[in-house]
Amino acid sequence: MLDEKLVRLGVKAKSSKEVIQLLGDVLARYGYVKDSWIQAVIDREEAFPTGLNMPGDDCNIAIPHTDVDHVLKPGVAVAILAHPVTFIHMATDDQLVPVELVFALAISDPKQVIDSLKRIVTALQKPELRQQLKKATSPKEVVGLLNRELGSMSSQPVG
Amino acid sequence: MADKTLKILAVCGSGVVSSSMITTHVKEILGQYGIKVDAFGLMPQMVKSYVDRGDVDLIVSTTKIPGEIDVPIINAVALLSGIGEDEFTEELVSAARRIIEEKGKGG
């Protein structure tokens, strides 16, 4: 589910849409999603935003995703942003969140990956981890940090 | 003897991703209080017709839900962000206990 090829560091984007487009292109290029995923996520983000204010109000995250129909295999694309972009906060119409870490979720069968996903999202509640991700200098480091969180809680093989 | 299993709808935009995450959390939390949960995910636009058919005790949601809904709704965004998680747990547990008590009275 975590793959170095799906990680982008120092992303300079002007809007949430640009970040979604970038991560969607990456996911599509490596066969994780259909091309339709990008527009589906942009539309869905308007109706059901995924910005999340995190503890400490620092390094906030967003978890854009969409229906399983647009997904080919499970993956998480990660963008560490050079400057925050604005997302709308989950469960609101108008509450804005400056976001620095974006995790685009390609979920085909939630049952397969929901445990890993839940662990990643829970781990991201730790400000130290978000700071480490922000300072990471390579995709390998990002995947290593996230895998450490998955591994520390379970020894289950991840498909 | 009343049915002590709580029927919970977990609601999110896609009906699967965030709702699956919050479902696992909710089961864990209520499990610690000895409350059994039967939960599944649904998209917001399907909630009203589902609730109107009965058989739902409580809703936990990461989105707004259209229509007038007759069962308690608890905002579950805290489970994803970690902000206000204790308050969420408190609200969830007290709502669950109240519902189970009412079910008991109703016979």
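The lining of the second largest pocket is made up of 5 nonpolar, 2 polar and 3 charged residues. In this sorting, Ala, Val, Leu, Ile, Met, Phe, Trp, Tyr, Cys and Pro are nonpolar, Asp, Glu, Lys and Arg are charged, and the others, Gly among them, are polar. Two or more of the lining residues of the second largest pocket come from each of α1 (16–29), α2 (36–47) and β4 (75–88) of chain A. Here helices (H or I, at least four residues) and strands (E, at least two) are DSSP runs, numbered from the N terminus.

A word on the model before going on. It is predicted, with pLDDT of at least 70 needed for local features and 80 or more for side-chain atom pairs, while totals for chains, interfaces and linings use all residues. Residues are numbered from 1 along each chain as its sequence is written, chains are lettered from A and ligands numbered from 1 in the order in which they are written, and side-chain values use heavy atoms, leaving out hydrogens and water.

**Pockets and cavities**

Rolling a probe the size of a water molecule over the atoms shows where empty space is left. On a 1 Å grid over the protein atoms alone, a cavity is a set of points where a 1.4 Å probe fits but cannot get out, and a pocket is an open set with protein on both sides within 12 Å along at least five of seven lines; lining residues have an atom within 4 Å of a point. Grid points are joined across faces, edges and corners, and a volume is the space filled by probe spheres set on the points.

| Space | Volume | Residues in the lining, by class |
|---|---|---|
| Largest pocket | about 220 Å³ | 3 nonpolar, 6 polar, 2 charged |
| Second largest pocket | about 160 Å³ | 5 nonpolar, 2 polar, 3 charged |
| Largest cavity | about 40 Å³ | 4 nonpolar, 6 polar, 1 charged |
| Second largest cavity | about 30 Å³ | 8 nonpolar, no polar, no charged |

The largest pocket has residues of both chains in its lining, including D109(A), K111(A), S19(B) and T23(B). Two elements each give two or more residues to this lining, α3 of chain A and α1 (17–32) of chain B. Of these, α1(B) supplies 4 residues, the largest share. For the second largest pocket, the lining residues include K17(A), E45(A), E46(A) and F87(A).

The model has 2 cavities of 30 Å³ or more. Around the largest cavity you will find residues of both chains, among them R44(A), H65(A), C12(B) and T62(B). The second largest cavity is lined by I63(A), V76(A), F103(A), L105(A), L117(A), I120(A), V121(A) and L124(A). Two or more of these residues come from each of β5 (96–106) and α3 (110–123) of chain A, and α3(A) gives the most, with 3 residues.

**Where the chains meet**

Turning to the interface, 25 residues of chain A are in contact (heavy atoms within 4.5 Å) with 24 residues of chain B. The two chains bury about 1900 Å² between them, 69% of it on carbon and sulfur atoms; buried area is the accessible area (1.4 Å probe) that two parts lose on being put together, summed over both. F48(A), A91(A) and K118(A) supply 29% of the area that chain A buries against chain B, more than any other three residues.

How many salt bridges cross the interface of chain A and chain B? There are 2, a salt bridge being a side-chain nitrogen of Lys or Arg within 4 Å of a carboxyl oxygen of Asp or Glu. In one salt bridge, the side chains of K64(B) and D93(A) meet at 3.0 Å, N to O. On the side of chain A that touches chain B, α3(A) gives the largest share, 7 residues. That side has 14 nonpolar, 6 polar and 5 charged residues.
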